[in-house]
Amino acid sequence: MSVLGSWLRATIEADKAVALVMEQDPRDTIARCDAALAILDEHDIVQVDGIGKNARVTQIPACKTCGTRHGVPCRTLRLLARGYRHREGYDDEWSPA
Ligand SMILES: [Zn+2]
């Protein structure tokens with residue numbers, strides 16, 4: 001998992017925990033958090049064959065759903081994280097291009 005992915009998972013799980021304690025009816029917040037966590041899982045990073053240095057086949061990181069081999073984390077995760085851009089720890093370099 002990328003730094004963005006780890007940060008996003010921790011942020012979403014914290015929101016979920018707060019909702020369970022603080023909200024009178026947390027179902028909507030919990031549902032949104034669970035959906036975001038599912039998207040995060042769907043766009044996790046895997047290792048795939050690719051061309052590395054010296055033009056040799058090597059393992060490179062890629063999104064398991066998008067197949068993006070360059071620029072992981074993928075655009076989907078960057079867009080998902082963008083919704084949390086005002087939170088502490090968000091890195092502007094994660095912004096989608
Ligand atoms: Zn992806």
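Predicted model: local features only at pLDDT ≥ 70, side-chain atom pairs only at ≥ 80, totals over all residues.
Residue numbers start from 1 along each chain as its sequence is written.

**Helix α2**

Select residues 27-42, which form helix α2; helices here are DSSP runs of H or I with at least four residues, strands are runs of E with at least two, and both are numbered from the N terminus. The 16 residues of α2 reach 22 Å from the first C-alpha to the last, close to the 22 Å expected at 1.5 Å a residue (the expected span is 1.5 Å times one less than the number of residues).

Next, highlight Cys-33, Ala-36 and Leu-40, the buried residues of α2. They lie on the same side of α2 because they cover an arc of only 65 degrees around the axis, the arc being that of the directions from the helix axis to the C-beta atoms. A residue is buried if 20 or more other C-beta atoms lie within 10 Å of its own, exposed if 12 or fewer, and partly exposed in between, with C-beta atoms placed from the backbone.

Turn to the face away from the buried side: the exposed residues there are Arg-27, Asp-28, Ala-31, Asp-34, Ala-35 and Ala-38. The cover over the buried residues of α2 includes α1 (3-22) and α3 (75-82).

**Helices α1 and α3**

Display α1 and α3 together. Their axes are 11 Å apart and meet at an angle of about 40 degrees (axes are lines fitted to C-alpha atoms, for helices over the stretch in contact, and angles run from 0 to 180 degrees between N-to-C directions). The two helices are therefore oblique to each other; angles under 35 degrees count as roughly parallel, over 145 as roughly antiparallel, 65 to 115 as roughly perpendicular and the rest as oblique. Select Leu-4, Gly-5 and Leu-8 in α1, which meet Leu-77, Leu-80 and Ala-81 in α3 (contact requires C-beta atoms, placed from the backbone, within 7 Å).

**The loops**

Move to the loop between β1 (45-51) and β2 (57-63), where Lys-53 is found. Lys-53 is exposed, with 6 other C-beta atoms within 10 Å. In the loop between β1 and β2, select also Ala-55, which has a positive phi of about 60 degrees although it is not a glycine.

Finally, select Gly-71 in the loop between β2 and α3. Gly-71 is partly exposed, with 14 C-beta neighbours inside 10 Å. The C-alpha atoms of Gly-71 and Ala-97 are 9.9 Å apart in space, with the two residues 26 apart in sequence.

How values were computed:
Contact = placed C-beta atoms within 7 Å.
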